[in-house]
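Me: I have a structure to read and would like to learn how its features are described. Could you take me through them slowly?

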Amino acid sequence: MAAQQQPGGPIPQVGMQQAASLQQLSQQQDFDPVHRFKMLIPQLKESLQDVMKVASLNMGHNTTIDNGIKSSDGTVKRFDKSLEEFYALCDQLELCLRLAYECLSQSIDSAKHSPNLVPTATKPDTVQTESLSYSQYLSMIKSQISCAKDIHNALLECSKKIAGKGPAQGIM
(Lines give C-alpha, C1' and ligand atoms only; values in the text may rest on other atoms or scores of the structure.)
Protein backbone atom coordinates (compact mmCIF):
# COMPACT_ATOMS: atom_id res chain seq x y z
CA MET A 1 0.00 0.00 0.00
CA ALA A 2 2.85 2.38 0.78
CA ALA A 3 4.37 1.63 -2.63
CA GLN A 4 1.12 2.63 -4.28
CA GLN A 5 0.93 5.96 -2.45
CA GLN A 6 4.49 7.03 -3.29
CA PRO A 7 4.08 6.93 -7.07
CA GLY A 8 0.76 8.72 -6.78
CA GLY A 9 2.17 11.45 -4.53
CA PRO A 10 4.60 13.17 -6.90
CA ILE A 11 2.25 13.14 -9.90
CA PRO A 12 -0.23 15.67 -8.48
CA GLN A 13 2.68 17.73 -7.20
CA VAL A 14 4.25 17.83 -10.67
CA GLY A 15 0.86 18.71 -12.14
CA MET A 16 0.47 21.54 -9.63
CA GLN A 17 3.97 22.82 -10.48
CA GLN A 18 3.14 22.78 -14.19
CA ALA A 19 -0.13 24.61 -13.54
CA ALA A 20 1.68 27.20 -11.43
CA SER A 21 4.35 27.70 -14.10
CA LEU A 22 1.67 28.07 -16.80
CA GLN A 23 -0.14 30.62 -14.65
CA GLN A 24 3.09 32.59 -14.14
CA LEU A 25 3.77 32.45 -17.87
CA SER A 26 0.29 33.74 -18.69
CA GLN A 27 0.61 36.54 -16.12
CA GLN A 28 4.00 37.46 -17.54
CA GLN A 29 2.58 37.51 -21.06
CA ASP A 30 -0.29 39.76 -19.93
CA PHE A 31 2.25 42.43 -18.98
CA ASP A 32 4.30 42.00 -22.16
CA PRO A 33 3.06 44.67 -24.59
CA VAL A 34 4.39 42.85 -27.65
CA HIS A 35 2.59 39.63 -26.71
CA ARG A 36 -0.60 41.58 -25.99
CA PHE A 37 -0.26 43.30 -29.38
CA LYS A 38 0.06 39.93 -31.11
CA MET A 39 -3.03 38.66 -29.30
CA LEU A 40 -5.07 41.73 -30.31
CA ILE A 41 -4.29 41.54 -34.03
CA PRO A 42 -6.71 38.65 -34.78
CA GLN A 43 -9.43 40.46 -32.81
CA LEU A 44 -8.75 43.59 -34.85
CA LYS A 45 -9.06 41.62 -38.09
CA GLU A 46 -12.39 40.15 -36.96
CA SER A 47 -13.61 43.57 -35.90
CA LEU A 48 -12.65 45.08 -39.27
CA GLN A 49 -14.47 42.27 -41.07
CA ASP A 50 -17.51 42.92 -38.89
CA VAL A 51 -17.40 46.65 -39.67
CA MET A 52 -17.26 45.94 -43.40
CA LYS A 53 -20.06 43.37 -43.18
CA VAL A 54 -22.32 45.68 -41.19
CA ALA A 55 -21.57 48.56 -43.57
CA SER A 56 -22.42 46.34 -46.52
CA LEU A 57 -25.66 45.12 -44.94
CA ASN A 58 -26.69 48.65 -43.99
CA MET A 59 -25.90 49.94 -47.46
CA GLY A 60 -27.96 47.18 -49.04
CA HIS A 61 -30.83 47.75 -46.60
CA ASN A 62 -30.82 51.51 -47.25
CA THR A 63 -30.69 50.91 -51.01
CA THR A 64 -33.76 48.67 -50.93
CA ILE A 65 -35.61 51.25 -48.83
CA ASP A 66 -34.59 54.09 -51.19
CA ASN A 67 -35.76 52.10 -54.21
CA GLY A 68 -39.12 51.48 -52.55
CA ILE A 69 -38.74 47.70 -52.66
CA LYS A 70 -38.80 47.20 -48.91
CA SER A 71 -40.04 49.15 -45.91
CA SER A 72 -37.83 50.08 -42.96
CA ASP A 73 -39.33 47.54 -40.58
CA GLY A 74 -36.29 45.20 -40.76
CA THR A 75 -33.62 45.46 -38.10
CA VAL A 76 -29.96 45.65 -39.00
CA LYS A 77 -26.92 45.82 -36.76
CA ARG A 78 -25.84 49.34 -35.92
CA PHE A 79 -22.76 50.50 -37.80
CA ASP A 80 -21.63 52.91 -35.10
CA LYS A 81 -21.40 50.11 -32.49
CA SER A 82 -19.16 47.93 -34.66
CA LEU A 83 -17.04 50.94 -35.65
CA GLU A 84 -16.67 51.90 -31.98
CA GLU A 85 -15.48 48.38 -31.17
CA PHE A 86 -12.93 48.61 -33.99
CA TYR A 87 -11.64 51.97 -32.73
CA ALA A 88 -11.41 50.63 -29.17
CA LEU A 89 -9.18 47.80 -30.39
CA CYS A 90 -7.08 50.29 -32.37
CA ASP A 91 -6.63 52.37 -29.21
CA GLN A 92 -5.52 49.28 -27.27
CA LEU A 93 -3.01 48.43 -30.00
CA GLU A 94 -1.68 51.98 -29.95
CA LEU A 95 -1.20 51.79 -26.17
CA CYS A 96 0.60 48.46 -26.51
CA LEU A 97 2.96 49.91 -29.12
CA ARG A 98 3.64 53.01 -27.04
CA LEU A 99 4.35 50.89 -23.97
CA ALA A 100 6.67 48.62 -25.96
CA TYR A 101 8.49 51.68 -27.30
CA GLU A 102 8.88 53.11 -23.79
CA CYS A 103 10.18 49.78 -22.50
CA LEU A 104 12.70 49.63 -25.32
CA SER A 105 13.78 53.24 -24.74
CA GLN A 106 14.19 52.60 -21.02
CA SER A 107 16.20 49.46 -21.71
CA ILE A 108 18.48 51.31 -24.13
CA ASP A 109 18.97 54.18 -21.67
CA SER A 110 19.65 51.72 -18.88
CA ALA A 111 22.26 49.92 -20.95
CA LYS A 112 23.85 53.23 -21.92
CA HIS A 113 24.01 54.72 -18.43
CA SER A 114 24.60 51.54 -16.46
CA PRO A 115 26.17 49.04 -18.84
CA ASN A 116 27.38 46.64 -16.17
CA LEU A 117 25.04 44.47 -14.18
CA VAL A 118 24.98 44.11 -10.43
CA PRO A 119 24.75 40.49 -9.26
CA THR A 120 21.77 39.81 -7.06
CA ALA A 121 21.59 37.51 -4.09
CA THR A 122 18.63 35.68 -5.59
CA LYS A 123 20.52 34.75 -8.77
CA PRO A 124 24.14 34.07 -7.79
CA ASP A 125 24.66 31.75 -10.76
CA THR A 126 24.21 34.61 -13.23
CA VAL A 127 27.27 36.55 -12.00
CA GLN A 128 29.19 37.86 -14.99
CA THR A 129 32.81 38.88 -15.16
CA GLU A 130 31.77 42.40 -16.18
CA SER A 131 29.38 42.90 -13.26
CA LEU A 132 29.88 45.63 -10.70
CA SER A 133 30.28 45.09 -7.01
CA TYR A 134 27.68 46.72 -4.82
CA SER A 135 30.09 49.44 -3.65
CA GLN A 136 31.00 50.23 -7.26
CA TYR A 137 27.31 50.38 -8.10
CA LEU A 138 26.66 52.77 -5.19
CA SER A 139 29.48 55.08 -6.28
CA MET A 140 28.14 55.08 -9.85
CA ILE A 141 24.64 55.97 -8.59
CA LYS A 142 26.05 58.71 -6.37
CA SER A 143 27.90 60.22 -9.33
CA GLN A 144 24.70 60.08 -11.41
CA ILE A 145 22.78 61.82 -8.61
CA SER A 146 25.51 64.45 -8.37
CA CYS A 147 25.35 65.04 -12.11
CA ALA A 148 21.55 65.35 -11.97
CA LYS A 149 21.85 67.89 -9.11
CA ASP A 150 24.40 69.91 -11.12
CA ILE A 151 22.05 69.99 -14.11
CA HIS A 152 19.14 70.98 -11.85
CA ASN A 153 21.15 73.78 -10.27
CA ALA A 154 22.30 75.04 -13.69
CA LEU A 155 18.71 75.12 -14.90
CA LEU A 156 17.57 76.97 -11.76
CA GLU A 157 20.37 79.48 -12.17
CA CYS A 158 19.46 80.02 -15.81
CA SER A 159 15.77 80.47 -14.99
CA LYS A 160 16.64 83.02 -12.29
CA LYS A 161 18.76 84.96 -14.78
CA ILE A 162 15.92 84.95 -17.30
CA ALA A 163 13.39 85.98 -14.65
CA GLY A 164 15.74 88.69 -13.38
CA LYS A 165 15.99 90.38 -16.78
CA GLY A 166 12.23 90.88 -16.79
CA PRO A 167 9.88 91.70 -19.64
CA ALA A 168 11.49 95.11 -20.27
CA GLN A 169 13.89 93.63 -22.78
CA GLY A 170 11.89 92.32 -25.72
CA ILE A 171 12.85 89.64 -28.17
CA MET A 172 14.27 91.14 -31.33
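Reply: Let us begin with burial, for which a residue counts as buried under 20% relative accessible area, as exposed over 50%, and as partly exposed in between. Please keep in mind that this is a predicted model. With those cut-offs, Cys-90 is partly exposed because its relative accessible area is 26%, whereas Cys-96, at 10% relative accessibility, counts as buried.

Me: How many of the 172 residues of the chain, as a percentage, count as buried?

Reply: Of the chain's 172 residues, 10% count as buried.

Me: With those cysteines in mind, how many disulfides does the structure hold?

Reply: The general idea is that a disulfide is a covalent bond joining the sulfur atoms of two cysteines. In this predicted model, the structure holds zero disulfides.

Me: How do the axes of helix α3 and helix α4 cross?

Reply: For a pair of helices one looks at the distance between the axes and at the angle between their N-to-C directions. Helix α3 covers residues 33–66 and helix α4 covers residues 79–113, and their axes come within 9 Å and cross at roughly 160°. Angles over 145 degrees count as roughly antiparallel, and therefore α3 and α4 are roughly antiparallel to each other. The crossing of α3 and α4 is left-handed, and the contact between these two helices has 20 nonpolar, five polar and three charged residues.

Me: Where does Leu-83 lie, and is Leu-83 buried or partly exposed?

Reply: Leu-83 lies in helix α4, and this leucine is partly exposed, since its relative accessible area is 24%.

Me: What does a search of the whole structure find by way of aromatic pairs?

Reply: The search finds one aromatic pair, which is formed by Phe-86 and Tyr-87, with 6.0 Å from centre to centre and 55° between the planes, and this pair is tilted. The two partners can also be read by burial: Phe-86 is buried because its relative accessible area is 16%, whereas Tyr-87, with a relative accessible area of 46%, is partly exposed.

Notes:
Residues numbered from 1 in each chain as written. Predicted model: local features only at pLDDT ≥ 70, side-chain atom pairs only at ≥ 80, totals over all residues. Heavy atoms only, no water. Disulfide = S-S within 2.5 Å. Buried < 20%, exposed > 50% of the residue type's maximum accessible area, 1.4 Å probe, protein only. Axes fitted to C-alpha atoms, helices over the stretch in contact; angles between N-to-C directions. Helix = DSSP H or I, 4+ residues; strand = E, 2+ residues; numbered from the N terminus. Parallel < 35°, antiparallel > 145°, perpendicular 65-115°, else oblique. Left-handed = near helix turned anticlockwise from the far one by under 90°. Nonpolar A, V, L, I, M, F, W, Y, C, P; charged D, E, K, R; others polar. Phe/Tyr/Trp six-rings, centres within 6.5 Å; stacked < 30°, edge-to-face > 60°.
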